[in-house]
Amino acid sequence: GVNRGDRVALLSENRAEWLIADYAILCAGALTVPLYATLPANQLAVILQDCGARIIFVSNAEQLAKIRELQREYGQVERIIVMDDAAAEGDAIGWHGLLDEVRDSRPDEAAFRAEALRAQPEDVATLIYTSGTTGTPKGAMLTHDNIWSNVYGCFSTILTIDENDVNLSFLPLSHSFQRMFDYGMFWV
């Protein structure tokens, strides 16, 4: 149900599912809107209204509760995917339920690859919102080329990275720098 140009939010602490969801969003031609897991519901509301995200991935029951609070007030998010299956309730679907839906739909791998490869360097890949310390948070549009430039910069600084290296992720993945470094490690 994700279309090219849709905004899909990620509200989660660092975990493998965060990266997998982000990669899937980008391959579908949609824009990832990373959200800090520490944000309260009222600040999330501002960002979600501004970006128009229809779908959101949340990590657990605590993050789901924030989105439920927003749904009662604003009703803007159409679909919620919960990474912790046990926390999924109501109309929210668990991570493995989503994977089952994808398997059942039998996506054509060639069509998936062709859609992912439609991305152009100047296409917006992600909307990263400012902290809001100087007023309402503002979304910075980063293109695929912006991300590639940062990954390339990491590789040109860190001369060799291979399968024997370990990456300690200490910043949240919703932080721009951490995402660029993790993408570089992901592609090794």
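In the predicted model, Arg 4 is partly exposed, with a relative accessibility of 30%. Arg 4 forms a salt bridge with Glu 115, the closest N and O atoms lying 2.8 Å apart. Because Glu 115 belongs to helix α5 (residues 109–116) and Arg 4 to the segment before β1, this pair ties together parts that are 111 residues apart in sequence. Glu 115 is likewise partly exposed, at a relative accessible area of 24%.

In total, 10 salt bridges are counted. Among them is the pair formed by the side chains of Arg 15 and Glu 17, with an N to O distance of 2.8 Å. Here Glu 17 is buried at 19% relative accessibility, whereas Arg 15, at 23%, is partly exposed. A further salt bridge connects Arg 68 with Asp 91, again with the closest N and O atoms 2.8 Å apart. This pair links distant parts of the chain, 23 residues apart, with Arg 68 in helix α3 and Asp 91 in the loop between β4 (79–82) and β5 (93–94). Arg 68 is buried, with a relative accessible area of 14%, while Asp 91 is exposed at 55%.

Helix α2 (residues 41–51) contains the buried residues Ala 41, Leu 44, Ala 45, Ile 47, Leu 48 and Cys 51. Residues three or four places apart in an α-helix point the same way, because each turn has 3.6 residues. The buried residues of α2 pack against the strands β1 (7–11), β2 (31–35), β3 (55–58) and β6 (124–129), and against helix α3 (61–73). Gly 52, with a positive phi near 75°, follows α2.

Definitions and conventions
Residues numbered from 1 in each chain as written. Predicted model: local features only at pLDDT ≥ 70, side-chain atom pairs only at ≥ 80, totals over all residues. Heavy atoms only, no water. Buried < 20%, exposed > 50% of the residue type's maximum accessible area, 1.4 Å probe, protein only. Helix = DSSP H or I, 4+ residues; strand = E, 2+ residues; numbered from the N terminus. Contact = heavy atoms within 4.5 Å. Salt bridge = Lys/Arg side-chain N within 4 Å of Asp/Glu carboxyl O.
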